[in-house]
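Dear colleague,

I am passing on the structure that we talked about, and below it I have set out what was found in it. Please keep it open while you read.

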Amino acid sequence: MSRFYLAPHKGQRNTGVMSSTNCAAASGAMLDNQATLGIHNPSVRWWRKQTDDFSGGLRMEQVAAVLEERGIKVHLYDYRDNLKWWRLKQYLAAGRFAVVAGDYDVLPPDLKGSLYDDFHAVVYHQLFKVNIRVGDPLMENWLKWPIDLAAEYVKKFDRQTVGGLHACVMVPEFAHLRDGIIEAEVVSEPEKDADVLTTLKGKSRLVTGGNVKGDTVAGINRWRKVWVPGKNSTIGYIPWSQTWVR
């Protein structure tokens, strides 16, 4: 069972002339897909171009700015915000995943994607009991780091900078039933006759990545794309006219 959607991994290699410094752009592109449940699936090269910065590694505020321009809610933590590790863990446990800045030299050789020992950006995804899922743009796929290592990675960066941990944390949005709607079917495609995956009832809610076009329901051809956790975790769709978001 998967509690959370997992975006495709994006690497920084072979992403143009800025490949060696595209770790934050690749991480931002992963979080872009994660927050929208795949509605956005940008390339790393395209994502980097949105910053209009081609002189080196991106800063965390640049990552946040591009995400916000694309309609994704985030909380930015950088030089003035004093984010602590315990708070970041709380966010991750709640499905508020993040691009984080850290120091790559704390990693053992078997977890490194390159002979590199400097500042780096990765995505922190789901938090487990003893480890955390990580999207490292220098690797080929998602992997897991021990929690203590993940903590030291961001803390060492903090010790060499100021203001707490540096992170861009996504703010999930949730689809709820509108007033007067008792229940609504979540289906496999944005179509009225698609297979039913589950039913949204009462005060329950589902993470949504935004709206897509589909069949017209109550005069509106928009459907919310949602994540359906459970034994067969999957993407689903629910009519826009039956739900609201917060």
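Which residues have the most contacts inside the largest nonpolar core? They are Trp85, Leu88, Val100, Tyr124, Trp145 and Tyr153, in a core of 56 residues, where a nonpolar core is a set of buried Ala, Val, Leu, Ile, Met, Phe, Trp, Tyr and Cys residues joined through side-chain atoms within 4.5 Å, and buried means under 20% relative accessible area with a 1.4 Å probe, protein chains only. The largest share of this core, eight residues, is supplied by H1.

Please bear in mind that this is a predicted model, in which local features need pLDDT of at least 70 and side-chain atom pairs count only at pLDDT 80 or more, while totals for chains, interfaces and linings use all residues. Residues are numbered from 1 along each chain as its sequence is written, and side-chain values use heavy atoms, with hydrogens and water left out.

Six strands form an open sheet with antiparallel pairing, in the order S1-S6-S2-S3-S4-S5; strands (E, at least two residues) and helices (H or I, at least four) are DSSP runs numbered from the N terminus, and two strands pair if DSSP finds at least two bridges between them. Strand S1 (74–77) and strand S5 (143–146) stand at the edges with a single partner strand each, so one side of each is left without a neighbour in the sheet. Four bridges join S5 to strand S4 (residues 131–135), and Arg133 has Lys144 in S5 as its bridge partner.

Kind regards

Technical notes: Buried means under 20% relative accessible area, exposed over 50%, partly exposed in between (1.4 Å probe, protein chains only).
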